[in-house]
Protein chains: 2
Amino acid sequence: MTDGAEAAFDQHGAQLLSAIDSSDGERMAELANEMPAPDFAEFVREHSLDVTEKLLAYLPIEQRARAIGYFGLEAQQELALNMAEPMLAELLSHMNADERADLFNLLDDSLKARVMRLMARNEREDLRLLASYASGTAGALMTSDYVAVPARSTVAQAFDIIRATAPSAETVYDIYCIDHMGRLVGTVSLRRLMLARKEGRLEKVMTTDLVTATVDEHQEEVADQIARYDLLALPIIDLGGRLVGIVTYDDAMDVAEMEATEDMHRGASVQPMEQNLSSASLFAVYKSRVVWLVLLVFGNIFSGAGIAHFEDTIAAEVALVFFLPLLIGSGGNAGSQSATLIIRGLATREVRSADWLKLFGREVLIAAALGLTMAVAIAPIGAIRGGEVIALIVGMTMVTVVVFGSLAGLTLPFLLRRVGWDPATASAPLVTTLIDACGVLIYFGIATWLLDLPAAL
Amino acid sequence: MTDGAEAAFDQHGAQLLSAIDSSDGERMAELANEMPAPDFAEFVREHSLDVTEKLLAYLPIEQRARAIGYFGLEAQQELALNMAEPMLAELLSHMNADERADLFNLLDDSLKARVMRLMARNEREDLRLLASYASGTAGALMTSDYVAVPARSTVAQAFDIIRATAPSAETVYDIYCIDHMGRLVGTVSLRRLMLARKEGRLEKVMTTDLVTATVDEHQEEVADQIARYDLLALPIIDLGGRLVGIVTYDDAMDVAEMEATEDMHRGASVQPMEQNLSSASLFAVYKSRVVWLVLLVFGNIFSGAGIAHFEDTIAAEVALVFFLPLLIGSGGNAGSQSATLIIRGLATREVRSADWLKLFGREVLIAAALGLTMAVAIAPIGAIRGGEVIALIVGMTMVTVVVFGSLAGLTLPFLLRRVGWDPATASAPLVTTLIDACGVLIYFGIATWLLDLPAAL
């Protein structure tokens, strides 16, 4: 929200709270009705369950169902468990098919069965289908509220079907043309249909160049297709080619945001969390962070062992210790940069696996230029603190660790992808830890050599 | 793309290349016609300008204009400069209004004037308007290809206008209702219009709860609004409330992706780049990375100075050096985690500025638990390498630096936002560098105290 929108939102919220305090039901309903569903959901998220239940009771069922779709899943679950079963069944009936399935999946088996019994037959079957797909797949993301029309219909007949479906469909702007087996054979936009002759058949105006996904495809692929081809919705088919659902662009936007969040978290060695930061339990946050932190502690032991190994070199020239953090830090920083550039490039498909060699070649030049710049910046301080030899050691190490770090950072995401891991696992902390250990060896190796000390082997 | 789609794309590309090699114009046109515009653009991006020009020459002008809209701006500019001016003017006329303005803005002033003269009057005025907004604003992102209908029209009249505008409008699914001054007074979806009585007036069916943005709003705010309210398009108004354009959801998706990329790059201390990684010049990549790397070198001098300052402590107990990298590294890692969680939370609006105190309180507990876990993991190694006192020093330091690092990492993004900087500037390398320096002081401070050494002051 803009600052202005945020202020309006806060003001609206304050009015709503005072209506709740004075138990003014009419005013509550009026204010809640004026708020767009996402704003209402945010207001509710910021207040207690009591407030939520009071408020929801004053909303008509359609609006209540719509608002609940915007809540976090945890909040939805809590509300559902506090509700009488017939009420819950009615609420589910009024929710969008995809949101309904998500909420349904959070209930325990016996409650599922009892609620199912209270629902209409076609809603029940629809729910059974949508709730059956594994989370994170196209099947779990899709909705069954779409407009399908037999390809042999006339344009006029299609309009009748569209009008009849319009109140419940998620979108009526892409029409899906199916054959007698329910297989998707074409699509046509409402825009095109409006310009077509009423007596013409759909077969004549529909596009048969189809972009589709199957139910088991990963949601990230689905979101990518929608973004790449600027689709309003992507039709989802089963293994027999039958149309079973659509994923709309707004769900694709949510998936893209979620996937970017996951990648950013991975980039800081945080494992994906189910809930958002403010509402996640303390233990959930702890759990998402602890594994990598402990692993990295053990990774850092190598750096320590490296330093201990070169004890004699350090004793011979204590000034070396002064430059240790900045030299190994620089390698880690340059490595984090190149790793992040590659991870993001792979995620947005700007970089493909086959590009590694070309990018490696470019990186050699870029990293050498970076290393030289940094060496020039730091060498004078080396000369002042330790004399010319130290300046030379520091400068040479800087170039070497920056080039080494950059190339390692660039290569690691490609390697991880090769073995089937998420490239984003090449987090800044992991890259830094790996490069730190090598940086210690490079630094003291060069120092031992240039200071003409006995090699510590 | 899925692997299957990628294979199909590669195969299609190979066929296209062989058609180009044998200069088979008909086959080229046929193959290029079969490819969706984004795929065609990707194919072109991977090949030389020569190939591109040969190919484009065989496409009908509408398709050529559409494909070029998917090219990177740099490639568009290069093509434009190699084109005869009448050809360029024709191409611009066939491009979408928003893409046309973006390309036009890359031409030099005299070429702009000459091309303008070759265009039709209303296109010229449209172009002048759209090209006048600063990049990164709603004005620069919007298109003027929308459907506006006087609010006093009947539904039947509105349909006539929609049908007439349909071939060129970016979307006909949201209809904008304006008054006699051109001010936006309502919107109505095509879906709703289809269900309305033909003789009714738009005023009666339109929504007057408007979500809009002004021309000077930042594109990130625009994309946020579209995602938050699940809009197909956001109407953009000028300061007088007049409707001047719309931003469609597909452009919002591109902006969201770009902004996420920027944040990720910032998170690794890489300044935003104009082009993507593979096509950016070596110098552009160097420039985006060098500033922070050099700044961080100087930041790391503090850690070095800290170590030098405690020379006597180190000399008294050399085993301490062994644990130095893992202790200060752990503080930096924990800090990167909490900084990244906050940065992403602020970007997705899950976290608001007012949440700092609440999150700070939670973080104290989480970080203490993390620090204790890590202390328990490392203390035995401390005992083995240096005895009980070292184990105690290492354990105490671990808890302290992890708590300190986490709290500093959590607070920094809020502080940066407070002073008007992008919170994403609190990159992992910056956080690590700041915390490293403090970690050195904490570690050797605790060691000096527990080893009962004279304080190095």
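Reply: Happy to. Let's start with an open sheet of three strands in chain A, whose order is S1-S2-S3 and whose pairing is mixed. Its edge strands are S1 (148-150) and S3 (184-189) of chain A, each of which pairs on one side only. From one strand to the next, the twist averages 35 degrees. Please keep in mind that this is a predicted model. The mean pLDDT of chain A is 88, with 98% of its residues at 70 or more. For the complex, the predictor gives an ipTM of 0.84 and a pTM of 0.84.

Within this sheet, have a look at S2 (residues 174-178) of chain A. Strand S2(A) and S3(A) pair in the antiparallel sense, with five bridges between them.

Strands S4(A) and S5(A) run parallel and are joined by two bridges. In one of these pairings, A:Ala213 has A:Ile236 in S5(A) as its bridge partner.

On to the pairing of S5(A) with S6(A). Strand S5 (residues 233-237) of chain A pairs with S6(A) in the antiparallel sense over five bridges. Opposite A:Ala233 you will find A:Thr248 in S6(A). The two strands make a hairpin with five residues between them, and there A:Gly241 takes a positive phi near 85 degrees. How many residues of strand S6 (residues 243-248) of chain A are buried? Six of the six are, so S6(A) is largely enclosed by the rest of the structure.

A:Gln225 lies in helix H15 (residues 219-228) of chain A. With 7% relative accessibility, A:Gln225 counts as buried, because the cut-off for buried is under 20%. Leaving aside residues up to four places away in sequence, A:Gln225 touches A:Val211, A:Thr212, A:Glu217, A:Leu231 and A:Leu234. One of these contacts, A:Leu234, falls within the residue range of S5(A), 233-237.

Now for a helix seen from the side. In H10 (residues 121-130) of chain A, the buried residues are A:Asp126, A:Leu127 and A:Leu130. Because they cover an arc of only 100 degrees around the axis, they sit on the same side of H10(A). What do the buried residues of H10(A) pack against? Their partners are helix H8 (97-104), helix H9 (109-117) and helix H11 (138-141) of chain A.

Two backbone details are worth a visit. A:Arg349 has a positive phi of about 65 degrees although it is not a glycine. You will find A:Arg349 in the loop between helix H19 (319-347) and helix H20 (356-386) of chain A, and at 25% relative accessibility it counts as partly exposed. In chain B, B:Asp230 also is a residue other than glycine with a positive phi, near 50 degrees. B:Asp230 lies in the loop between helix H15 (219-228) and strand S5 (233-237) of chain B. This residue, B:Asp230, is partly exposed, with a relative accessible area of 24%.

Finally, let's cross from one chain to the other. A:Val285 has its place in helix H17 (residues 282-309) of chain A, and with a relative accessible area of 1% it is buried. Not counting residues up to four places away in sequence, A:Val285 touches A:Met273 and A:Ala280 in chain A, together with B:Arg362 and B:Ile366 in chain B. The C-alpha atoms of A:Val285 and A:Gln275, which are 10 residues apart along the chain, are separated by 9.4 Å.

How do the copies relate? The same surface serves both copies, and 100% of the contact residues of chain B recur in chain A.

Technical notes. Residues are numbered from 1 along each chain as its sequence is written. Chains are lettered from A and ligands numbered from 1 in the order in which they are written. This is a predicted model: local features need pLDDT of at least 70, side-chain atom pairs count only at pLDDT 80 or more; totals for chains, interfaces and linings use all residues. Side-chain values use heavy atoms; hydrogens and water are left out. Buried means under 20% relative accessible area, exposed over 50%, partly exposed in between (1.4 Å probe, protein chains only). Helices (H or I, at least four residues) and strands (E, at least two) are DSSP runs, numbered from the N terminus. The arc is that of the directions from the helix axis to the C-beta atoms. Contact means heavy atoms within 4.5 Å. Two strands pair if DSSP finds at least two bridges between them. Axes are lines fitted to C-alpha atoms, for helices over the stretch in contact, and angles run from 0 to 180 degrees between N-to-C directions. pLDDT is the predictor's confidence in each residue, from 0 to 100.
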